[in-house]
Amino acid sequence: MHLRIFHRTRYVYRTAVSQSHNELRFRPASDNPRRLKFFLLKVEPPSRLRHFRDEHYNYVHWFEIPEPHHELLIEASMVIQTTSPYANGEPMGILLDSLKGGVDEQISPFLLPSRYVSLDPEVWRLAVDIRQDRQDIFETALAIMHHVHDHWEYAPNTTHAATHLKDVMATRQGVCQDFTHLMIGLLRSLGIPARYVSGYLFNGPGAHLRGAQASHAWCEVWLPGTGWFGLDPTNATLADDRHVKIATGRDYDDAAPISGTMSGPPNATARLEVTVRVEEATMD
Amino acid sequence: MPVPERGETFLIGPSSAKYRHYLLMPSLFQDYAPESFFDEVFSAPGQVRPHYEAVVQAVDRMTPEEFASKQLGADAAFLKQGVTFTVYGDDQGTERIFPFDLMPRIIPSAEWAHIEAGLIQRITALNLFLHDVYHAQHIINDGTIDRESVETASHFRQAFRGVKVPHNIYVHICGTDLVRDDQGVYHVLEDNGRCPSGASYLLENRQAMKRALPNLLHSLPVRPVDTYGSLLRETLAHLAPPGVIDPVIVVLTPGVFNSAYFEHAYLARQMGVPIVEGRDLIMRGDCVFMRTTKGLVQVHVIYRRIDDDFLDPLVFREDSLLGVPGLVESYRKGCVALANSIGTGVADDKAVYAYVPKMIKYYLDQDPILPNVHTFLGTEEAERSHIVANLDKLVVKAVNESGGYGMLMGPTSTEAERDEFKRRILAHPRNYIAQPVLQLSRHPVFMEDHFEGRHIDLRPYILSGEQTKVLPGGLTRVALRKGSLVVNSSQGGGSKDTWVLWDEEDPSATALPNV
């Protein structure tokens, strides 16, 4: 599928802020030009834009605006060709036992607690209950995905960017980011490596997928000898060619599209406007 | 030289039996020679590039007389409709038709995707550059571009620093000139970020094609260009002051004696907005009003086709009768919007042009998709010596001129002209740059009864409003004089309709974001 994506974020500040330092994760980590046909990232006020690859191989742009400014605009546009990793069916048949011998250092961080995902006893209890006597990793992951989707309420504006898994467990509601953190916590509690994916979701004609109006998040599970496979607990669906993967990490903290600091009074941001459009690239 | 056997060495297109039949008839392309240039149509003598096959076959089916009569019909239509322009410093009567060649220039979808991506990247960087040099000047303070190059540009408006413009867009309408070298690689020759003209000719050329060769046009998946009027209107409406739902937009022209008056009137009609002269506008408080038969009407957006210098006698040239006193102050206060903004000429200064690849790297962290033509700067001592020593091999351009004025074509220049330029360059090095003579690509052009190769360029139009859009097409200009590399209309150039094809197989090749 060819998708074109436009993502504009505009911060309007109450008073001038300064010393703004930001990191952006907008360019897909897999940026093979045969797949990523076009990419442009614009920042206003204009400043020098540079990049590095972080420890998860995410493509991170960064910039600094030292002078006082009243607005900050970040605009990304791209055309990308997506394919489904499930073209050959679901990767069944890899058993939990295969994880017993431990995983290598590349994968081990995704078994540990992270900033927004703690592995508390009640998470573990729930994970064990959902798993029942399943032995297959992917089948277990599917069961967890459906459980999260069916028992948590999708409720925009009840949580925020820094909502912790503990709160998601307590309130039993949230958005894609919270659903994803919960699913990651459940998987890790069972010793299954799981990571956070930030990206976009294409809501095709007639579809009613949640999370397509903004940047989306879902979860990937690691299958020994096969690799990472995406599952979207917000929509209870496999992450296929409708899902555009941009960045990955242990949780939101590693993969957030925009993160940064600036110097200004408390609650300096008066308004935050976000526009996300994900469209199929066809002729108008 | 013996005439080659038709159908053998002179094979056009697919070698089907049906097609061979046509080749036995007198051919319009019979003696066409691509020579050593990059020819848009023929990859080698008799070898047609795949995207031109249908057109070459169709044209070749006509006799020279048939084609000539269609060409005459098109010319007559242009004259009748008054599609004309004025040449300054010419006493053969003020208005001329812009010569039109009926054989279209065709750009396949993948090639267009490359051009489009390159143009969007470039105009984004140019707008960021303009925002930066009129505010914090990071790019200068970081030492990426030297202060002198920017601030000595004659179109840099020091007085305009710190002024906030709507949505931080400076160049709303840009016409970027592209040329292809002898390998077919597209280069940016110059950016026209002040008042680029030519869009009306592009639209009229398509109309002429529809009348002259309707079946041919519809036999190929040619992307439409007639959306330009509504795109332009949308781009301008985006600039309206906050809270104005249905803005009043006008086209501000210097008047009927301006070389591009036809275009001003044409675009106003396409958009369905009034065309005004300076004397039709009046200030009341901070706002701009238009005199109408029903009284004063407030104007929110002005598509001005008047240079900065003449815009407002209170700020720029005080002897200007074309502008509106107080307009700039109103713009500063955000009561009216101007397109393009003031001071955009610093971005298309030919010396600043040399730095555009660095701007793209600086603001966008990318390499340029469309390369520049290598440029020697008069301000750099070593480069200046190179220019002066190689005047016979280079093209010398005055940095603030456009339209092919103030230019020296080294290889065809006279000794006296070179001496004159040498004197001028040494006296005012900041005013000149030089570039190697590019062997521009060539395209068959109809000459009375046969086709001959002529050099061409391409001016696409980029509109920056809420989104940046490139009209899928452009004005292909033709240097009609044999061997000439100068395509400017003011220097005896002509034009062609430009067909951008779309590819149903791979829609992404023609569908960029924001388009």
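Which residues does Val221(A) touch, not counting residues up to four places away in sequence? Val221(A) touches Ile137(A), Ala141(A), Leu187(A), Ile192(A), Ala194(A), Phe229(A) and Leu231(A), where contact requires C-beta atoms, placed from the backbone, within 7 Å.

This is a predicted model, in which local features need pLDDT of at least 70 and side-chain atom pairs count only at pLDDT 80 or more, while totals for chains, interfaces and linings use all residues. Residues are numbered from 1 along each chain as its sequence is written, and chains are lettered from A and ligands numbered from 1 in the order in which they are written.

Val221(A) also belongs to the largest nonpolar core, of 208 residues, and is listed with Met183(A), Leu187(A) and Phe129(B) as touching the most other members. Such a core is a set of buried Ala, Val, Leu, Ile, Met, Phe, Trp, Tyr and Cys residues joined through C-beta atoms within 7 Å; buried means that 20 or more other C-beta atoms lie within 10 Å of the residue's own. Helix 4 of chain B (residues 109-133) gives the most to this core, with 13 residues; helices are DSSP runs of H or I with at least four residues, and strands are runs of E with at least two, numbered from the N terminus.

| Domain of chain B | Residues |
|---|---|
| Domain 1 | 109-367 + 504-509 |
| Domain 2 | 376-436 |

Their C-alpha centres lie 28 Å apart. Domain 1 of chain B supplies nine residues to the contact and domain 2 of chain B eight.

In chain B, strand 19 (residues 442-447) runs antiparallel to strand 20 (residues 450-459), joined by six bridges; pairing requires at least two DSSP bridges. Met447(B) has His450(B) as its bridge partner in strand 20. These strands form a hairpin with two residues between them, and Glu448(B) in the turn has a positive phi of about 60°.

Conventions:
A residue is buried if 20 or more other C-beta atoms lie within 10 Å of its own, exposed if 12 or fewer, and partly exposed in between; C-beta atoms are placed from the backbone. Two residues are in contact if their C-beta atoms, placed from the backbone, lie within 7 Å. Domain bounds come from an automatic or database domain assignment.
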